[in-house]
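Welcome! Have a look at the model below, and then let us walk through it together, from its overall division to a few details of the backbone.

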Amino acid sequence: MVTLDTQIACGPGGIELAANCLRRGELVAVPTETVYGLAADAENQDAVAKIFKAKNRPAKNPLITHVLSSAQAAGLTGNWPKHAGILAAAFWPGPLTLILPSAGKLAPTVSAGLPTVGIRVPAHPVMRGILEKCGRPLAAPSANKSGHISPTTAGHVLEDLRGRIEWIVDGGPCAVGIESTVVGFNGEQPVIYRPGIITAEDIDAVLRRAGISVPILHHSAPGDDQPLPSPGLLSRHYAPHRPTHLFMRAELTHLQTVLESLVSGAGRPGVISFGPLPMTFKHVTSIALPENLYHAAGELYTAMRSLDRDDMSAILIELPGTDQLAGAGGDASDIHDVIPRLSGLARVLADRLVRASIPRPEAHR
Ligand code: TXA
Ligand code: MG
């Protein structure tokens with residue numbers, strides 16, 4: 001692969017430049033309110049192919065297409081489930097992706113051979129400016145190397161894709177900080193393919209206000225209402241390079257011992273908690289995220305990336321929300337029993353953290 005000179009642009013000039021590059025079939029990393037995306041003209045097959053190459057993304061993983069409005073989304077899709085229209089009206093522009101029947105107008109690789117297309121109307125003013133100026137639907141997965149933590153600043157994009165793309169538009173840090181909620185439909189029944197800041201509870205509330213009461217399903221557990229599939233079914237994703245482990249508040253007394261065992265010639269461990277921990281640890285870099293989980297989500301990936309350094313032996317991350325559960329704690333093996341009992345954003349963050357903590361396959365270490 002040719003090494004490119006990666007540059008950062010910003011302001012109105014950045015929007016103009018990005019729109020021109022995208023119209024020419026080039027890639028540009030762009031800010032959105034969730035995470036930075038790696039954009040290409042979704043109607044241009046060659047441009048879309050460049051996304052898969054730059055990210056090293058498996059061809060079977062479909063891309064999200066970004067448009068300016070529901071009307072533009074309607075032009076790219078077939079008949080919508082009624083409930084999809086209600087969710088679009090409630091949450092767009094915003095961090096919601098809807099899986100809808102494809103009208104076959106986009107490059108086929110965008111949908112990775114599926115009869116559906118994932119569509120989102122983003123809210124970020126810079127992304128909207130780029131969409132408006134270039135006048136094309138933009139396919140954009142998160143702008144990280146496949147499997148790594150999504151970028152929430154232009155600097156993060158540079159860390160992952162330097163030399164692989166020419167332009168990054170800097171729109172500041174992403175406010176939401178985790179990827180959009182991805183919702184598909186089984187008939188009229190909403191199915192969450194990827195949990196996000198718009199939670200199952202938020203979707204339920206909007207549908208109920210419209211007089212609709214329907215259970216919200218999870219993709220990996222069709223037919224039942226299990227909140228999260230068994231971790232064994234999840235693939236490693238959103239993952240730091242360092243070994244990553246999860247802990248619960250109730251395990252704090254064991255944590256010191258675990259941390260000591262991780263101080264070695266290879267480095268020191270790092271700890272990320274939701275709210276401050278009641279003790280300090282020697283030889284350990286600790287990051288206390290805000291206790292409020294909306295704010296914590298905005299800072300989580302920056303914290304994970306900042307500890308993913310050569311001098312770190314491992315990263316330990318608290319599973320949020322466990323202190324409010326009766327009987328949670330004890331043995332670390334309990335964690336996967338506790339996750340299905342979490343709700344709201346705690347459950348959403350648990351999904352990301354479990355994927356981040358799945359060990360790397362031996363061959364890739
Ligand atoms: O917040 C976000 O969604 C960011 C920003 C840039 O918009 N994008 C993002 O894209 O996270 P990506 O490619 O990293 O994740 C897209 C997810 C994947 O899990 C993919 O499998 C799913 O959406 N997806 C896309 N199209 C789909 C389809 N037709 N059917 C099922 N899943 C789909
Ligand atoms: Mg991604």
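## Two domains

Domain bounds here come from an automatic or database domain assignment. On that basis, the protein is divided into domain 1, residues 7-218, and domain 2, residues 244-364. Please keep in mind that this is a predicted model.

How far apart do the C-alpha centres of domain 1 and domain 2 lie? The distance between them is 28 Å.

## Where the domains meet

The contact between the two parts involves 26 residues of domain 1 and 16 residues of domain 2. The size of an interface is often given as the accessible area lost when the parts come together. For domain 1 and domain 2, the buried area is about 1,600 Å², and carbon and sulfur atoms give 54% of it. On the domain 1 side, three residues stand out: Ile-149, Ile-178 and Pro-195 supply 34% of the area that this domain buries against domain 2, more than any other three residues.

## The ligand and its shell

Now turn to ligand 1, which is surrounded by 23 residues. The closest are Thr-34, Arg-57, Asn-61, His-66 and Ser-180. Sorted by class, the shell holds 11 nonpolar, 8 polar and 4 charged residues.

Which strands each supply at least two residues of this shell? They are strand 4 (64-66), strand 6 (116-120) and strand 10 (189-194). Strand 6 gives the most, with 4 residues.

## Polar contacts to the ligand

Side chains with polar atoms beside oxygen atoms of ligand 1 are worth a look on screen. His-66 has a side-chain N or O atom 2.6 Å from a ligand oxygen. For Arg-57, a polar side-chain atom lies 2.9 Å from an oxygen atom of ligand 1, and a polar side-chain atom of Ser-142 is likewise 2.9 Å from a ligand oxygen. How much of ligand 1 does the protein cover? Of the 680 Å² of accessible area that ligand 1 has on its own, the protein covers 90%.

## Two backbone details

Finally, two loops deserve a visit. In the loop between helix 4 (82-91) and strand 5 (96-101) you will find Pro-93. A cis peptide bond joins this proline to Trp-92, with omega of about -5°.

The loop between strand 5 and strand 6 contains Ala-112. Although Ala-112 is not a glycine, its phi is positive, at about 50°.

Definitions and conventions
Residues numbered from 1 in each chain as written. Chains lettered and ligands numbered in written order. Predicted model: local features only at pLDDT ≥ 70, side-chain atom pairs only at ≥ 80, totals over all residues. Heavy atoms only, no water. Near = heavy atom within 4 Å. Polar contact = N/O pair within 3.5 Å; in protein donor to acceptor, adjacent residues only side chain to side chain. Areas by Shrake-Rupley, 256 points an atom, 1.4 Å probe, with all protein chains shown as cover. Nonpolar A, V, L, I, M, F, W, Y, C, P; charged D, E, K, R; others polar. Contact = heavy atoms within 4.5 Å. Buried area = accessible area lost by both parts, 1.4 Å probe.
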